[in-house]
2 protein chains.
Amino acid sequence: MQLLNSQSRVLNASRPSAAAKAVRVAQPGRRSTVRVSAAVHLDFNTTVFHKELAKFADTEEYIVRGGRDKYPLLKDAFKGIKKVGVIGWGSQAPAQAQNLRDSIAEAGLDIKVAIGLRPDSPSWAEAEACNFSKAEGTLGEVFDVISSSDLVVLLISDGAQAKLYPRILAAMKPGATLGLSHGFLLGVMRNDGVDFRKDINVVLVAPKGMGPSVRRLYEQGKSVNGAGINCSFAVHQDATGNAADIAIGWAIGVGAPFAFPTTLESEYKSDIYGERCVLLGAVHGIVEALFRRYTRQGMSDEEAFRQSVECITGPVSRTISTKGMLAVYESFNDADKKIFEQAYSQSYKPALDICFEIYEDVASGNEIRSVVQSVSRFDRFPMGKIDQTYMWKVGQKVRATRDESKIPLNPFTAGVYVATMMATVEVLREKGHPFSEICNESIIEAVDSLNPYMHARGVAFMVDNCSYTARLGSRKWAPRFDYIIEQQAFVAIDAGAEADKEVMAEFLAHPVHRALQTCSSMRPSVDISVGGDSSNVGVGAGAARTEFRSTAAKV
Amino acid sequence: MQLLNSQSRVLNASRPSAAAKAVRVAQPGRRSTVRVSAAVHLDFNTTVFHKELAKFADTEEYIVRGGRDKYPLLKDAFKGIKKVGVIGWGSQAPAQAQNLRDSIAEAGLDIKVAIGLRPDSPSWAEAEACNFSKAEGTLGEVFDVISSSDLVVLLISDGAQAKLYPRILAAMKPGATLGLSHGFLLGVMRNDGVDFRKDINVVLVAPKGMGPSVRRLYEQGKSVNGAGINCSFAVHQDATGNAADIAIGWAIGVGAPFAFPTTLESEYKSDIYGERCVLLGAVHGIVEALFRRYTRQGMSDEEAFRQSVECITGPVSRTISTKGMLAVYESFNDADKKIFEQAYSQSYKPALDICFEIYEDVASGNEIRSVVQSVSRFDRFPMGKIDQTYMWKVGQKVRATRDESKIPLNPFTAGVYVATMMATVEVLREKGHPFSEICNESIIEAVDSLNPYMHARGVAFMVDNCSYTARLGSRKWAPRFDYIIEQQAFVAIDAGAEADKEVMAEFLAHPVHRALQTCSSMRPSVDISVGGDSSNVGVGAGAARTEFRSTAAKV
């Protein structure tokens, strides 16, 4: 079955028996029946790779196992491909281009990996330093590279894609494959009411981590057969009949130990949504609210920062990363469990409210439209930094004298944070996303990728150093989480609202905990580690300059 | 000329010589040329009323003078109309229906004014208490009233209009007139890709105040020939050739002392935008930021509330209402002027940034789409109140012991507020709105309508008691203004940023000050007055229960 290449059957693809079913979703004080699309496994058509059925809680999803021992399969997967053009030199491009080049060499294939840049791009020298060269035909002007490549891996920024896609599509060879690492472009084209030309493949490979980690873990993975970043992949349009194999080959070539199927639509929705929720926006908003609350209650600034930000990006995040969300709750004594329950119960529904709004604003095209509009105003209104406010100055002081072992695990903070994370999860679940995607976009990317950076440099710094799409979204939604948590959750708690038994029962029994266990068994074997305030860490778009300490130790 | 009934020529309507022109807009640190559509006077085709050309700063706009002495003209204006159906019983409906009935009676015309309600509407009894009755044919089921009326004044909520418009349009008589008090429906229909049926008139009359004031000032106006609320009006579609006269007649019948032409598009953009900016959203956001700043600087909670909220809703607002924005600045001594200048200079551009984002989100349909989506989630996520947070509890205490004469005029607070108001103005100006609309949607509605309520009951209370569209928008954008003012303006000020001479020069020379003088000469002759915390004041949608103290004194 080739279901991934059908827009109209997005996500509700596979089995008739697994179609949308009505479930009851508990709400304090009222009950209503909402429709939850059952997560179904997305099928795909591979003749080269081995497809496994993996159990994620109460559902099954196909996956493909990667690793260096699969490189011999790249020959068949990349049949007909003589040149891979990687366009851009931002966060993902240097990593993916170098990984692909190394994997292709390892497989002994005669495929060129070339970088395409604007003639006046300041990245030209950096690409040359990575041994891409004009003389050897592996470095050239954007449209020259596009028109001469059989696989075009398009890694320029979302804003640039929105502006240039008509020219890019027109420049491609018939039968070539357009490769995206984000479904954003599909959202833009839908808003514009246009479709991809029919004579090309359109596929996606989305590594579940920033470019620098994609490169770093690939290098570390050489010694352990495939430490690298997991990827989701999708086939949006299959003109040649082997688009899935090309996509999976690309994912494995980039270093994915596991690859999960998705669709462009599902990917861009969950990705744009996730970064606006617990990955970036929500975590920023709730720590602002918590810090304010704690200082108002009489804590010193430093202590309030420790009990809010440090607690989340440190022990809470590490516990979730290694043992899951339930373990955070279970680590508390009875008195602290009560505090967690109260904070969780009162925060969950307000957070869910904003999460739904975000999801539907993403799904309707509003967020993408808004990002494109904002980018077009950058000349007049460049995005300012957000990490210079009073609270983040306090953070610098706290980090400077940090004793990692003394960071508190505050049950109130943990309750608010885990509630926000569960709200992020629940909306994706109700909207029918597969658990592999839910776990990655709501939990794993937070605790294994972003929170460690935030722990090293602060939440606001992290926001300032993400892609435009993520930064804009985080700046937009963080304050919404802040306000609603203060206006609804804190007000209810201060008025004596107790823990909600039903909400807690749902938390404890939620299938995501089991799904996360499956995902954990597929984690890369090496953890990411970043430098602190004194290092010259840059992350995200246009950077590729992040320095990792290559150690398997946690931060 | 009948330019108002052409969607495609919206706003840039009148004279070729007044077409869009490029002007330079100053920005600290950089200059760029932006296009400003010159405000042009919108023309309209009246054979009944007298059209005057009024000078608003450097532009001229047509206006129509109302007043009770014009009631004899209603006979010709309402030619062919036997029945006016007012649909709904929210904020505007009771006021407009009663005013129209009284004016029609005064003019001695045989036109019935009937109310249309759902059969199970809880408002039935209230309408009867206002002497609308089923027996006399002046109270009936919604679609019965629509199908039997020659002028259908549609005053149900935005959300209900979005849901019901296909049935409503289908029920109308050919040649009848659909009357709106908000262009929201046009935005919804554009998002849906549909148009009005061609055999009806579509007009708008938008009173520049809440329903209760529309009624109250009309009653007070009986003794002074036309105290009442000014209205804008528009002709979107003119099937009968006399749609403008019907619209102007409606405006005058409702009590407008002056009526200003606009378009449905211009009205909904400026209205939805304005309430998200300084009218509601921005003022809420900046007082949250100011209160936090002042308490952090060591002020007591009560003092911080006085220096932020009380200052804005009291003396700043009153000064602008009676003497304009420049008078606020000029009232300070040299030292305080410096503080104002610094606060204004650093706040203006961040506020302008958010104002642009709001405008373009409104113009692109995003905001309307988002409102419609939010309303559809109300069953599961009803909007909570926002006025129970710590700060607004402080506000209750402050108001309880208020000495009006001792409310401070804080130059820092005034600088931030006036900058936000000017940012609201400037975007409308750059987007080509006429000054009559700019002054109303950015200044007059704030200082003469909303701020007095906020002064009586708090800003957050006011938000909680507006229409869904306004509440949703305010909840969405207030935190954005809060964050950007703290992250950009306060950070710059604390880093020692000085006043920006260019920004101040633009403020002092801005044409809006002169335009506002023209508008002030057209103000109703009676001011609005509201009860304080102890009164049972409700305002906005579904209320019509607001109790005014009928006094010409300021609050």
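Let me start with a term: contact means heavy atoms within 4.5 Å. Now the model itself. It is predicted, so local features need pLDDT of at least 70 and side-chain atom pairs count only at pLDDT 80 or more, while totals for chains, interfaces and linings use all residues. Residues are numbered from 1 along each chain as its sequence is written, chains are lettered from A and ligands numbered from 1 in the order in which they are written, and side-chain values use heavy atoms, leaving out hydrogens and water.

First topic: the two domains of chain A. The assignment gives domain 1 (52-258) and domain 2 (274-521). Such bounds come from an automatic or database domain assignment. Taken over C-alpha atoms, the domain centres are 31 Å apart. Where they touch, 17 residues of domain 1 are in contact with 23 residues of domain 2.

How much area is buried between domain 1 and domain 2 of chain A? About 1,600 Å², with carbon and sulfur atoms giving 63%. Buried area here is the accessible area (1.4 Å probe) that two parts lose on being put together, summed over both.

One salt bridge is counted between these domains. That term means a side-chain nitrogen of Lys or Arg within 4 Å of a carboxyl oxygen of Asp or Glu. Lys208(A) pairs with Glu441(A), and their closest N and O atoms are 2.7 Å apart. Lys208(A) sits in the loop between strand 10 (201-207) and helix 7 (211-221), and Glu441(A) in helix 17 (residues 435-457), so the pair ties together parts of chain A that are 233 residues apart in sequence. Helices (H or I, at least four residues) and strands (E, at least two) are DSSP runs, numbered from the N terminus.

Are these two residues buried or exposed? Lys208(A) is buried, at a relative accessible area of 11%. Glu441(A) is buried too, at 0%. The cut-offs: buried is under 20% relative accessible area, exposed is over 50%, and partly exposed lies in between (1.4 Å probe, protein chains only).

Now helix 9 of chain A, residues 264-276. At 1.5 Å a residue, its 13 residues should span 18 Å, and the end C-alpha atoms are 18 Å apart, which agrees. The expected span is 1.5 Å times one less than the number of residues. As for cover, 13 of its 13 residues are buried.

Next, the two chains together. The contact takes 46 residues from chain A and 46 from chain B. Between them the chains bury about 4,200 Å², 51% of it on carbon and sulfur atoms. Arg380(B), Phe381(B) and Tyr483(B) supply 19% of the area that chain B buries against chain A, more than any other three residues.

Six salt bridges cross this interface. One of them joins Glu360(B) and Arg377(A), at 2.6 Å from N to O.

Last, salt bridges inside chain B. Arg215(B) meets Asp102(B) at 3.0 Å, N to O. Arg215(B) is in helix 7 (residues 211-221) and Asp102(B) in helix 2 (residues 92-106), 113 residues apart. Arg215(B) counts as buried, at 15% relative accessibility.

Lys397(B) bridges to Glu302(B), with the closest N and O atoms 3.3 Å apart. Lys397(B) is in helix 15 (residues 390-400) and Glu302(B) in helix 11 (residues 301-323), so this pair ties together parts 95 residues apart in sequence. Glu302(B) is partly exposed, at 26%.
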